[in-house]
Protein chains: 2
Amino acid sequence: MSSTQKESIGFCGLGAMGYGMATNLLKHGYIVKGFDVYPPSLARFEAAGGVPASSLADSAAGSMYYVCMVATAVQAQSALFDDESAIVPALPQGAVLFLCSTVPATYAQSVQTSLDRLGRSDILFIDCPVSGGAARAAAGTLSIMAGGSPAALEKGHAILATMAAETKLYIVDGGIGQGSNMKMVHQVLAGIQILAASEAMGLAARMGLDPRKVRDKVLGSEGWSWMFENRVERMLVEDFYPGVSALTIILKDVGIITQMARVYQFPTPLISVAEQVYLQGLSQGFGPQDDAGMVRMYYPQPLSQMTATLSGEDEEIALSKIVRMLAGIHLCAAAEAIAFAKHVRLPLSQFYELANDAAGGSAMFRQAGAAMIKALEGDEAVLDKPQRYSLGEVVEHMLRVNEEAAKIKCPVYLASAALNLLLLAQQGGRDKSADASVIRMWKQ
Amino acid sequence: MSSTQKESIGFCGLGAMGYGMATNLLKHGYIVKGFDVYPPSLARFEAAGGVPASSLADSAAGSMYYVCMVATAVQAQSALFDDESAIVPALPQGAVLFLCSTVPATYAQSVQTSLDRLGRSDILFIDCPVSGGAARAAAGTLSIMAGGSPAALEKGHAILATMAAETKLYIVDGGIGQGSNMKMVHQVLAGIQILAASEAMGLAARMGLDPRKVRDKVLGSEGWSWMFENRVERMLVEDFYPGVSALTIILKDVGIITQMARVYQFPTPLISVAEQVYLQGLSQGFGPQDDAGMVRMYYPQPLSQMTATLSGEDEEIALSKIVRMLAGIHLCAAAEAIAFAKHVRLPLSQFYELANDAAGGSAMFRQAGAAMIKALEGDEAVLDKPQRYSLGEVVEHMLRVNEEAAKIKCPVYLASAALNLLLLAQQGGRDKSADASVIRMWKQ
């Protein structure tokens, strides 16, 4: 934190994330001129030391840096270009424009095209979606995935570094759109693993397992994911109203994934299933509530009030099934995400590093991801020598989980989709590596 | 109908289907000694001219024919063998035993094994599940899929012929279990197409289409299925309570499919998705209601009260999307069913004939099924020369449907699963035949 007065930054979108980011910039001595369409957000920002702007143009005028942190591409388009007092026309020559919203890569690319067409190629545009939640936004320790021209990235670096954790600022090769693509493939993991946590906890409860014991067993196991660890705590106390991360937020990100998958005609079997279940949750009115509340799609009663009926060896076997269910789903999620990353030409080693250190991380992604990347690069040895499990073994585990769920009539959308993907892959042989076999379902 | 007094037939399971079947046998002059655990069913049967039995053993004693029409394999096992006054010990030497319940093929095979082990190999056992509903049961015009020894099929033929429509008695080669397998693969079509009808009507309503116009457009189109035609009428008037065919019934049949798929480690991506959605419907209390009520998973309000908002060209485009959505799902259903039929060694031409003439029929099954069978038999020309559509064209249609659904936030489980299966297949080339490409996802 510096007490020296720094430059002025324009900012729009002062919601939970944006407010944290903007006030973090204030803490570092920047003057931040913020705008939001919702007056109470603007008032709160002013109380925290920000300069409230009277319009988007007002927030942009005179600042050599501008951070756009609205919720969607539609909002960004309107704020940047379409609004009668939009941001772009008001920006000074040579200003740096950061688009931190999660948007399709094609939208980020269209922003550059629009700037060029408007004769504003002078603006140094950076496509830099963020990840990490409101608390890390406020602490300046976000993960940021940034793409842009070398000149833009150089001039924008100090501000990106102020918003990101030291080790979590990822400059993604390939220019505008690749920041958004990196966020997108990360959200393939996040979107599947958020729902997998609900599916596992819901099935476990229906099986008669104590939810706290499930939590304890999964943490540190091969079924672990960052999302499970994070969401399960809210499930245990029904902290969904409104919770921390609304269903509508992950659904927006998942919608971007499947939209881009349609553009590329790229198969995404698991995240597509997850999207349908999230949409069902939306229909049931869960939209504004925490996404951990999706557990109610599987087990409607509060987990805190369920009575465990299993003990001893039965309990151990059941716990082990839940761990393996999560591991099986996460294995398929890792393959889907890495294959998609390759398809959009992201540097795979960077994606591997980033996801392992972010909310998309899982034990399986860490274990299997490296082998999957090698398999995609044509390493035949990886296919034939299972790193840890043969495909047949993973299939056996998932068969048992699906059998259990069918017996007690619990829907398991992801476990079923993962099993079917594994079974399609197994037609190529059951003794081969699970990791490499699954990712080879995607021909590259 | 004959007025000559015929032989005595034992019968158990006098529910909707069983009552129809038993009274049809009465009409044909047989003496039917019926048993049911539910006294009112027994009383109704007696009022219709049947002989009420006091126990399972009583229903079996002295009859050279016995029809078992209980709901599940668990019930059949108990009735045949486990009950203290079970059927098998009471049957006369050389009696013909018809198991008409829908059960896994492995269960039917276990019945033969049990008979042999009990020293009752004299009993002529026929595995003969039925299809067609209560009205056709009462009219003696069911579809029946029968497997068994030549001796059993010969001695049982007259009674099978009395229960089945003239053209709908299918003697399936391969012995005990193949009748059940034939029913099972038929129900792959039925289980997917029942839900597809709900998904299409729910999406159409959310798109603002008049449900009656959707019905009129689909009938006679490439989106037609027997199930759509049958279920849509009940959707239009909310005739779900209890309706004609309970969700629990199709869910039981679907459960047999996925159970057998797990035994064979055979991929069934679409029927597996359908099962999860049916299980969700069960969780929501729809179990005893008509399966056409699954439309409420997609559009909760009564279809009869929705107000259409589309007209003119927009309406035509939207209607065409619904037709193509159904066609795309049915295409994948046809591939899944035919591949599974091949896997369990059923005669494919017989399956094709049977399904086209039964509740699993669809325009796509009729159009594409023959080409799929040729492709499975290794006919390369079928793969390279699209019969009607290239894979790329079908993918384009399904992309547009999924895009529309995502835009209006309507879950489309089957359309999404079909799209992802088609996209996986499309990695082999988009100009090839849609039919042959999809079925080749299953390596044989």
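Me: How many residue pairs are in polar contact between domain 1 of chain A and domain 2 of chain A?

Reply: A polar contact is a pair of N or O atoms within 3.5 Å; within protein, one must be able to donate a hydrogen and the other to accept it, and residues adjacent in sequence count only if both atoms are side-chain atoms. Between domain 1 and domain 2 of chain A there are five such residue pairs, both residues at pLDDT 80 or more. This is a predicted model, in which local features need pLDDT of at least 70 and side-chain atom pairs count only at pLDDT 80 or more, while totals for chains, interfaces and linings use all residues. Residues are numbered from 1 along each chain, and side-chain values use heavy atoms, without hydrogens and water.

Me: Which elements give two or more residues to the side of domain 1 that touches domain 2?

Reply: With helices (H or I, at least four residues) and strands (E, at least two) taken as DSSP runs numbered from the N terminus, they are helix H6 (105–117) and strands S7 (130–131), S8 (142–148) and S9 (164–171) of chain A. S9(A) gives the most, with four residues.

Me: How is the size of an interface expressed?

Reply: It is often given as the accessible area lost when the parts come together. Here the buried area (lost to a 1.4 Å probe, summed over both parts) is about 1400 Å², and carbon and sulfur atoms give 64% of that. In domain 1 of chain A, Thr102(A), Met145(A) and Tyr170(A) lose the most area to domain 2, together 37% of what that side buries.

How values were computed: Chains are lettered from A and ligands numbered from 1 in the order in which they are written. Buried area is the accessible area (1.4 Å probe) that two parts lose on being put together, summed over both.
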